[in-house]
Amino acid sequence: MKRGGLRLGVLTGGGDSPGLNAAIRAVVKKGILQHRAQCVGILDGFSGLIERRWRPLMYEDVSGILCRAGTILGTSNKGNPFHFGERGDVSAVALRHLRHLKLDALMCLGGDGTMAIADGLARRGAPVIGIPKTIDNDVAETDITFGFDTAATVAAEAVSILHATADAHRRIMVVEVMGRTAGWIGLHAGIAGGADVILLPEIPGSIARVVDHIRSRVRDRRFSIVVVAEGAGPEGIQRRSLHPGIVGTAVADRLEEAGFDSRVTVLGHLQRSAPPTPADRVLATRLGAAALDLAARGTFGHMVAIRKGRLVHVPLRRVSGRVKRVPRDHELVRAARAVGTSFGDGP
Ligand code: F6P
């Protein structure tokens with residue numbers, strides 16, 4: 001251990017994800033208890049680093065936050081130091097502020113965007129360590145990110161619940177879930193909730209195929225449930241703004257046009273605002289604690305990760321610029337097909 005204790009910075013970047021507070025707690029508590037650390041919380045992601053907004057993080061600050069969604073530090077997806085609005089590249093300012101804070105390590109909790117920024121700072125000599133989070137579960141080089149289990153659970157519950165009203169009204173219930181580029185939430189929620197159709201960004205589907213599938217079911221069933229990831233684009237349907245609901249609504253409209261009584265439910269930000277599940281709290285605590293070990297060893301420019309259930313760490317350069325999408329022949333896709341679920345791409 002460094003004589004005099006470590007100086008640790010912590011920031012959360014990108015969209016919030018259940019488990020962020022659990023990970024902050026793990027970093028700060030382990031830092032204080034095992035490394036006599038002084039901790040600094042950078043506010044609102046990288047924006048706070050550029051604009052000199054930070055505060056000390058004491059043991060009491062992280063007590064009682066394990067089960068809370070959101071992030072006590074605030075977050076932002078508008079604070080990229082390499083493209084900071086009209087000011088352009090202000091990475092030199094961010095690096096100057098890091099030196100001013102005399103940090104031994106900066107823990108960056110975030111998704112693919114945050115990891116790319118962390119990689120850029122690490123390449124310029126910053127002592128950065130990545131901790132992956134996102135409800136989308138699409139960070140490369142890790143099997144799982146915290147927040148995903150919570151979001152998939154919320155979505156699966158919603159899909160299950162909607163069966164009753166779908167059955168009562170003999171309707172098609174379309175459920176739009178998050179996932180602009182990766183369909184992990186839709187895939188898991190669709191399987192766990194018993195969806196009849198799952199539309200994902202990775203598997204191009206067509207409304208005509210969805211209609212065929214629903215018609216074939218209608219002979220013996222009163223209703224169908226269609227799970228649509230917000231980034232899915234069955235032909236002719238596109239997300240035109242950042243607001244959730246556009247793709248789900250368009251799919252429901254097209255099913256109405258095809259003659260089915262249809263309604264859409266848009267889960268939107270509910271999926272990432274629920275208290276973290278126990279699994280996400282455990283994962284966040286593991287990853288936060290593991291990041292401390294890297295800091296103590298002086299291993300920077302790496303991200304902690306889970307591979308085949310084990311804690312590992314990988315260079316940020318292997319993570320940066322990549323997204324982990326659902327392979328079209330993924331075992332879960334095959335399992336869903338095996339129980340009669342359509343992905344809108346075949347009979
Ligand atoms: O990346 C996490 C996520 O929740 C996505 O699933 C979603 O598409 C996006 O963020 C929404 O971001 P925002 O809240 O900034 O619109």
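These legends describe close-up views of one predicted model. In this model, local features need pLDDT of at least 70, side-chain atom pairs count only at pLDDT 80 or more, and totals for chains, interfaces and linings use all residues. Residues are numbered from 1 along each chain as its sequence is written, and side-chain values use heavy atoms, with hydrogens and water left out.

**View 1. Helix α5 packs with helix α6.** Two packed helices are described by the angle between their axes and the distance between the axes. Helix α5 covers residues 148-169 and helix α6 covers residues 184-193. Helices (H or I, at least four residues) are DSSP runs, numbered from the N terminus. The angle here is about 45°, and the axes are 8 Å apart. Axes are lines fitted to C-alpha atoms over the stretch in contact, and angles run from 0 to 180 degrees between N-to-C directions. The pair is therefore oblique. Angles under 35 degrees count as roughly parallel, over 145 as roughly antiparallel, 65 to 115 as roughly perpendicular, and the rest as oblique. The crossing is right-handed, meaning that the near helix is turned clockwise from the far one by less than a right angle.

**View 2. Residues of α5 meet residues of α6.** Contact means heavy atoms within 4.5 Å. From α5 come Phe148, Ala151, Ala152, Ala155, Ala156, Val159, Ser160 and His163. From α6 come Trp184, Ile185, His188, Ala189, Ala192 and Gly193. This contact has 10 nonpolar, 4 polar and no charged residues.

**View 3. Helix α6 also packs with helix α12.** Helix α12 spans residues 331-338. The angle is about 35°, with axes 11 Å apart. This crossing is left-handed. Leu187, His188 and Ile191 of α6 meet Leu332, Val333 and Ala336 of α12. By class, the residues are 5 nonpolar, 1 polar and no charged.

**View 4. Cysteine 39 and cysteine 108 are in no disulfide.** A disulfide is a covalent bond between the sulfur atoms of two cysteines. The rule asks for a pair of cysteine sulfur atoms within 2.5 Å. The count is 0 disulfides. For cysteine 39, the nearest cysteine sulfur is that of cysteine 108, 14 Å away. Cysteine 39 is buried, at 6% relative accessibility. Cysteine 108 is buried too, at 0%. Buried means under 20% relative accessible area, exposed over 50%, partly exposed in between (1.4 Å probe, protein chains only).

**View 5. Alanine 250 sits in helix α8.** This helix runs over residues 246-257. Alanine 250 is partly exposed, at 22% relative accessibility. Alanine 250 and isoleucine 203 are 47 residues apart in sequence and 18 Å apart in space, C-alpha to C-alpha.

Key. Helix = DSSP H or I, 4+ residues; strand = E, 2+ residues; numbered from the N terminus. Nonpolar A, V, L, I, M, F, W, Y, C, P; charged D, E, K, R; others polar.
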